[in-house]
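Keep the sequence and the 3D view open while reading.

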Amino acid sequence: QVQLVESGGGLVQAGGSLRLSCAVSGSIFSINAMGWYRQAPGKQRDLVAIDNNDGTTNYVDSVKGRFTLSRDNAKNTVYLQMNSLKPEDTAVYFCNAEVKHLPWVRFDNYWGQGTQVTVSS
């Protein structure tokens, strides 16, 4: 079993910053891609940023230059530093990771429980 535990959400004024963390634990042989998604009320869950585990990180255009994803492989943790936050960034943010339990099995997709980020104007 694999668990993803997120932290760091909250309420912040426009222009402020927050840092989200997501720790992966449990039965882990290796982790491939790790990323963050968000879902605003009444909308679908969309990709925010993803580390592809190949030296590349992709960001949705709306957060480029403001958000930075980083990962600590020794701690199986991924972070999302969010600066210059805007009201339109308000959403539930979900961590995602591709995890392999054993060397000969495929990677499975896992989600965190979500953390609320609210940006007031």
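This is a predicted model: local features need pLDDT of at least 70, side-chain atom pairs count only at pLDDT 80 or more; totals for chains, interfaces and linings use all residues.

The volume of the largest pocket is about 170 Å³. Its lining consists of Arg38, Gln39, Ala40, Lys43, Gln44, Asp46, Leu47, Val60, Ser62, Glu88, Thr90 and Ala91. Sorted by class, the lining has 4 nonpolar, 4 polar and 4 charged residues.

Attention now turns to lysine 100 and histidine 101. Lysine 100 belongs to strand 9 (residues 91-100), while histidine 101 sits in the loop between strand 9 and strand 10 (108-111).

Is lysine 100 buried or exposed? Lysine 100 is buried, and it has no salt bridge. Glutamate 98 is the nearest side chain of opposite charge, at 9.9 Å. Histidine 101 counts as partly exposed because its relative accessibility is 21%, and the buried class ends under 20%.

| Residue | Contacts |
|---|---|
| Lysine 100 | Ser27, Ile28, Phe29, Ser30, Val105, Arg106 and Phe107 |
| Histidine 101 | Gln1, Val2, Ser27, Ile28, Phe29, Asp108 and Tyr110 |

How far apart are histidine 101 and glycine 26 in sequence and in space? They are separated by 75 residues in sequence, and their C-alpha atoms lie 9.0 Å apart.

Conventions: Residues are numbered from 1 along each chain as its sequence is written. Side-chain values use heavy atoms; hydrogens and water are left out. On a 1 Å grid over the protein atoms alone, a cavity is a set of points where a 1.4 Å probe fits but cannot get out, and a pocket is an open set with protein on both sides within 12 Å along at least five of seven lines; lining residues have an atom within 4 Å of a point. Grid points are joined across faces, edges and corners, and a volume is the space filled by probe spheres set on the points. Ala, Val, Leu, Ile, Met, Phe, Trp, Tyr, Cys and Pro count as nonpolar, Asp, Glu, Lys and Arg as charged, and the others, Gly among them, as polar. Helices (H or I, at least four residues) and strands (E, at least two) are DSSP runs, numbered from the N terminus. Buried means under 20% relative accessible area, exposed over 50%, partly exposed in between (1.4 Å probe, protein chains only). Lys and Arg count as positive and Asp and Glu as negative; His and the chain ends are not counted. A salt bridge is a side-chain nitrogen of Lys or Arg within 4 Å of a carboxyl oxygen of Asp or Glu. Contact means heavy atoms within 4.5 Å. Lists of a residue's contacts leave out its neighbours within four places in sequence.
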